[in-house]
Amino acid sequence: MEKQLLIETCPLKLTSTQLNESLKKNNGNLIVEALLATAEVKNGNGRYYARELWEREINRYNEESIQKRNSVGELDHPDSQVINLKNASHLITKVWWDGDKIHGNIEILPTPSGNIVKALLESGVTVGVSSRGMGSLKQVGEVAEVQDDFSLLCWDIVSTPSNPGSWMTPVS
């Protein structure tokens, strides 16, 4: 099976009160909490990720990216496995499990792309959080099962969500 770029998305929308409280409590930086992914369900792209696969990748991502503060993501998904720093908009600062759901804290960076995200959220625009990784798929019934060769690259901020029930809220 050939590895391909796999992208999964979750929606993000904040109220103006939530946004203002987050900015006040975090020295002007917007920090949000989001549902990043869900294991063991068919998502909006028709893909299925096993919990064990996500567990492995979350552990690796924590060690290799979050702890080193290089867990950046971009505004919009490129068709690339390279994270382009000139498009960096945010930093994932923490990831954890709640049942089969993967949550995370996201710090919106004061970069040109981060400022666009902040302005969109301040204007009440709903945006999504979307995983980007490389891996192969195997069709199993109505789902495309993500295979063990999957490697998580990052989470990006995008316009269209695919992960069910994902919303971001500011962290106080």
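A residue is called buried here when its relative accessible area is under 20%, exposed when that area is over 50%, and partly exposed in between (1.4 Å probe, protein chains only). The model is a predicted one, in which local features need pLDDT of at least 70 and side-chain atom pairs count only at pLDDT 80 or more, whereas totals for chains, interfaces and linings use all residues. Residues are numbered from 1 along each chain as its sequence is written, and side-chain values use heavy atoms, with hydrogens and water left out.

Because 7 of its 8 residues are buried, β6 is largely enclosed by the rest of the structure. Pairing requires that DSSP finds at least two bridges between two strands; β6 pairs in the antiparallel sense with β2 (residues 31-38) over 7 bridges, and with β5 (residues 88-98), also antiparallel, over 8 bridges. Between β5 and β6 there are 2 residues, giving a hairpin in whose turn G99 has a positive phi of about 65°.

With a relative accessibility of 13%, E107 counts as buried, whereas R69, at 53%, counts as exposed.

Another salt bridge joins the side chains of R132 and D156 (2.7 Å, N to O). Since R132 belongs to strand β7 and D156 to strand β10, this pair ties together parts that are 24 residues apart in sequence.

Notes: Helices (H or I, at least four residues) and strands (E, at least two) are DSSP runs, numbered from the N terminus. A salt bridge is a side-chain nitrogen of Lys or Arg within 4 Å of a carboxyl oxygen of Asp or Glu.
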